[in-house]
Amino acid sequence: MNDVTRHDAPQAPDNREREMETLLPPVDIFEDGSALHLIADMPGVTRESLHIEVDNNVLSLEGEVRLDMPDGLAAIYAEVRAQRYARRFTLSHEIDAEAIQARIDKGVVELVLPRKETHRRRRIEVKAA
């Protein structure tokens, strides 16, 4: 009988004993004339496990991926762990924190951070003298 336990890796601990690894999700930030658009890749994070808040001009983005042991099975080897994503950004005074919008689709988080009306880019018309 083949033994599937690897000797070069630790045995799988019980789910309750696993430490949750914290990762920095990769983020892209784009801008248009009226807002910044932040896109964060947080695979496995659901709407229910995603937490976004602004406190004292700091935007916090946090999410967790929980991996539960299937009923009736016991792990003898496990490399996949529950993990936590966390990222923080200091917001400029130009951002309207009350108007930030967020959505998540298949672990991709998209935030729209609108600029305050007084800080939006606008074209100045030049008149002939």
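Reader: To start with, is E62 buried or exposed?

Author: E62 is buried, with a relative accessible area of 17%; buried means under 20% relative accessible area, exposed over 50%, and partly exposed in between (1.4 Å probe, protein chains only). A quick note before going on: this is a predicted model, where local features need pLDDT of at least 70 and side-chain atom pairs count only at pLDDT 80 or more, while totals for chains, interfaces and linings use all residues. Residues are numbered from 1 along each chain as its sequence is written, and side-chain values use heavy atoms, with hydrogens and water left out.

Now, E62 has a salt bridge with R84, the closest N and O atoms being 3.3 Å apart; the term means a side-chain nitrogen of Lys or Arg within 4 Å of a carboxyl oxygen of Asp or Glu. R84 sits in strand β6 (residues 83–90) and E62 in strand β5 (residues 58–65), so their pairing ties together parts that are 22 residues apart in sequence. Strands (E, at least two residues) are DSSP runs, numbered from the N terminus, as are helices (H or I, at least four). As for R84, its relative accessibility is 24%, so R84 counts as partly exposed.

E62 also meets R88 in a salt bridge, at 2.6 Å from N to O. Here too the pair links distant parts of the chain, with R88 in strand β6 and E62 in strand β5, 26 residues apart. R88 is partly exposed, at 47% relative accessible area. Both pairs come from a search of the whole structure, which finds six salt bridges.
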